[in-house]
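The following paragraphs lead through a set of paired strands and then through a set of charged contacts.

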Amino acid sequence: MEIYHKDGTFPRYCEAARKSIDANRFNEFAQLASNEERFRFVNGLRSIIDELQLKREFNGKCMEQAIVFKTLGNKAFQAERWNESLVFYNKCYLSTPKANVQEKSIILANRSAALYHLEKYDLALRDIQRALNHQYPKQMMYKLTERKARCFLAKKDYEAALDSFKATVTALDESTLPLERRQKLERDAQIMINLLPKNIEMEQKMKKKPSSKPKAPASQPTKVPEHFVDKALWFDYTQDEGRFARTKSDLKPNTILLLERPHVAALLEDYSLDHCTHCFRRVSVPIACPLCSDVIFCSDECEAKANGSYHRYECGFLPILWGSGASITCHMALRMITQKSGDYFAKIKPELAALTNEQIDQLPIDDYRKVYKLVTHESERTPEDLFQRTLMATMLNTCLTLGGYSGLNSETQNYIGGLLLHNLQLLQYNAHEVSEMIRDREEDDGQSTFIGGGLYPTLALFNHSCDPGVTRYYRGNQVCVRTVKNIPADSMVAENYGPLFTQVRREERHQTLLKQYRFTCQCEPCLQNWPLFSEMDPNVIRFRCDGGKICSNVLNIPAEINDFMVKCTECGEHTNIMKGLKMLQDTDMLFKSATRLHAAGEYETALLKYMEMMATMNEVLVPPYRDYHLCQQGLRACMLEFGNRYTRAIAKK
């Protein structure tokens with residue numbers, strides 16, 4: 001993975017920096033043995049601040065522009081175009097400078113009104129509270145308390161509604177409304193104050209009233225754990241394969257093996273104003289960064305976490321990173337540092353080199369030591385590659401310095417710079433693309449779209465296969481890994497790093513994997529040179545020999561065969577293919593049923609049909625086989641629907 005794109009400022013700077021070094025000086029660099037030494041050497045060559053004109057700038061906040069958006073929002077609101085008004089109120093809110101506190105409170109109040117009309121009561125209540133926190137004018141307070149009461153009323157929270165209507169009567173005393181208007185609002189509030197106690201009393205009686213029927217337990221929404229590793233998984237090590245996942249027991253399709261939050265994750269620029277920069281959830285009602293207009297958040301919690309760590313150092317530098325052409329891995333390499341303090345890195349420095357796998361496995365996901373020893377292929381890199389990455393590390397380090405990152409004195413700067421260089425190397429081989437299924441219309445198949453990058457410490461240990469046993473999808477930036485075929489006990493559990501054998505020929509797959517990941521794949525499709533999907537003969541059925549575990553031979557049987565007892569050329573056992581053919585009769589109907597269910601959006605039910613089909617085929621067939629891989633693709637397609645997905649335009653019914 002390249003560290004920069006060609007259309008940025010960094011490639012030109014990199015080329016100029018390289019040309020400025022003569023052969024002798026570059027040879028000095030090539031002989032350096034550590035990342036810290038490389039960083040010290042390159043960081044002393046020239047001033048990156050002068051060359052790239054690095055300067056922290058907070059752009060995008062402008063009260064004049066905010067007023068324009070507010071006016072457009074008000075116009076749409078008055079015309080009862082609630083969604084349109086919400087879009088403009090969002091833009092106004094994101095454009096309002098931090099210093100304009102009261103103006104921000106008013107736009108939040110306006111946005112809460114649009115949300116109320118859109119029946120998004122919880123979001124409206126959130127904006128009402130945020131407006132109150134931003135010094136909303138006392139003389140207008142009655143508007144918020146009355147809207148708050150209406151939201152609670154819609155939610156059937158009668159006690160909270162009653163309290164808010166009472167607060168409305170009190171707030172009206174502070175208003176500057178004409179007497180007649182104020183009295184009308186007060187009468188309306190008093191009507192509700194008189195009515196609501198009856199609602200509250202009736203609700204309490206209903207709760208106490210015994211039911212003649214046994215009450216079913218209330219269904220609680222299943223809480224997705226932050227981190228989960230199936231107990232069957234363990235991680236082996238060999239000299240050739242490094243650390244990799246294995247299974248202690250047989251695994252069936254649709255087994256969730258892993259749920260994992262990233263050690264670090266970053267959004268692509270194109271999605272920075274559509275998704276929460278902290279958790280990657282798509283956002284329709286954003287929380288703004290107080291200083292910049294480059295990112296948004298889905299909640300106050302995510303905003304507090306981001307600005308309490310990494311974003312306070314990135315804020316004002318993201319346009320520089322994006323404009324430089326730096327890749328997503330560069331952003332992640334920087335964030336691996338900024339999400340912890342300088343003191344933290346100073347404290348763990350003595351431990352890094354001596355970490356054992358047993359120690360690493362016990363560490364939490366957010367601990368830098370958890371990822372430090374992931375493969376970097378540092379010894380195999382060319383001096384040119386290391387020079388470019390070191391130069392990028394100096395630019396990232398300059399952002400740290402200008403951003404006021406704590407603990408960056410002369411003693412620790414080279415150490416942190418060396419870690420930045422280390423991060424750039426390990427991310428190349430261990431980071432994953434975070435995706436979202438995006439459709440233009442509900443009826444479209446959809447496109448799995450790259451929206452950001454993440455480093456997942458456990459997932460990074462899974463090795464590759466061109467016929468992977470698992471697929472992965474994302475909920476926000478949490479990854480979920482599920483099986484898509486039977487995996488026998490004591491087998492490697494492999495994911496896929498790129499090309500599948502069904503789509504790309506072995507020679508091309510090998511070239512891609514060798515170039516990007518520095519290994520030659522030894523998976524079964526590669527060793528046996530399995531055919532592409534388009535080349536699989538539908539007129540030949542690959543039956544499993546009944547010799548069971550003592551024989552692994554494949555019986556290639558023409559679809560139009562007349563003999564039903566076939567002798568194996570390897571073990572001599574006879575296989576009754578009539579039994580297998582009868583079992584396979586149902587799979588065509590199962591596939592059609594699963595396809596219809598998937599198209600209708602009934603993904604859970606479709607998944608069960610695909611699993612039933614796969615279980616049948618697993619008993620009698622041996623891959624590669626067309627129907628088997630079609631079924632596997634159906635499983636993957638259903639699973640992707642459980643992750644991030646977005647439809648640009650809702651189809652009219």
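Two strands are taken to pair if DSSP finds at least two bridges between them. The model discussed here is predicted. Within it, strand β5, which covers residues 264–267, pairs with strand β9, residues 447–455, in the antiparallel sense over four bridges. In this pairing A265 stands opposite G454 of β9, and A266 stands opposite G453 of β9.

Are the faces of β5 covered or uncovered? Both faces are covered: V264 and A266 on one side are buried, as are A265 and L267 on the other.

Strand β9 also pairs with strand β8, residues 431–441, again in the antiparallel sense, here over eight bridges. One of the opposing positions is formed by E436 and T449, the latter in β9. The two strands β8 and β9 form a hairpin with five residues between them. In the turn of this hairpin, G446 has a positive phi of about 95°.

The second topic is charge pairing. Side chains of opposite charge can pair when their charged atoms come close. With a cut-off of 4 Å between a side-chain nitrogen of Lys or Arg and a carboxyl oxygen of Asp or Glu, the count comes to 32 salt bridges.

One of these salt bridges joins the side chains of E28 and R25, at 3.1 Å from N to O. Both residues belong to helix α2 (residues 23–30); because they are three residues apart there, about one helical turn separates them. E28 counts as partly exposed at 40% relative accessibility, and R25 is likewise partly exposed, with a relative accessible area of 35%.

A further salt bridge links the side chains of D366 and K340, at 3.6 Å from N to O. D366 lies in the loop between α17 (357–361) and α18 (383–402), and K340 in the loop between α15 (328–338) and α16 (342–348), so the pair ties together parts that are 26 residues apart in sequence. D366 is partly exposed, with a relative accessible area of 42%, and K340 also counts as partly exposed, at 22% relative accessibility.

How far apart are the closest N and O atoms in the salt bridge between D367 and R369? They are 2.6 Å apart. D367 counts as buried at 7% relative accessibility, and R369 counts as buried at 17%, given that the cut-off for this class is under 20% relative accessible area. Elsewhere, salt bridges that share partners join D236, R246 and D490 into one network.

Definitions and conventions:
Residues numbered from 1 in each chain as written. Predicted model: local features only at pLDDT ≥ 70, side-chain atom pairs only at ≥ 80, totals over all residues. Heavy atoms only, no water. Buried < 20%, exposed > 50% of the residue type's maximum accessible area, 1.4 Å probe, protein only.
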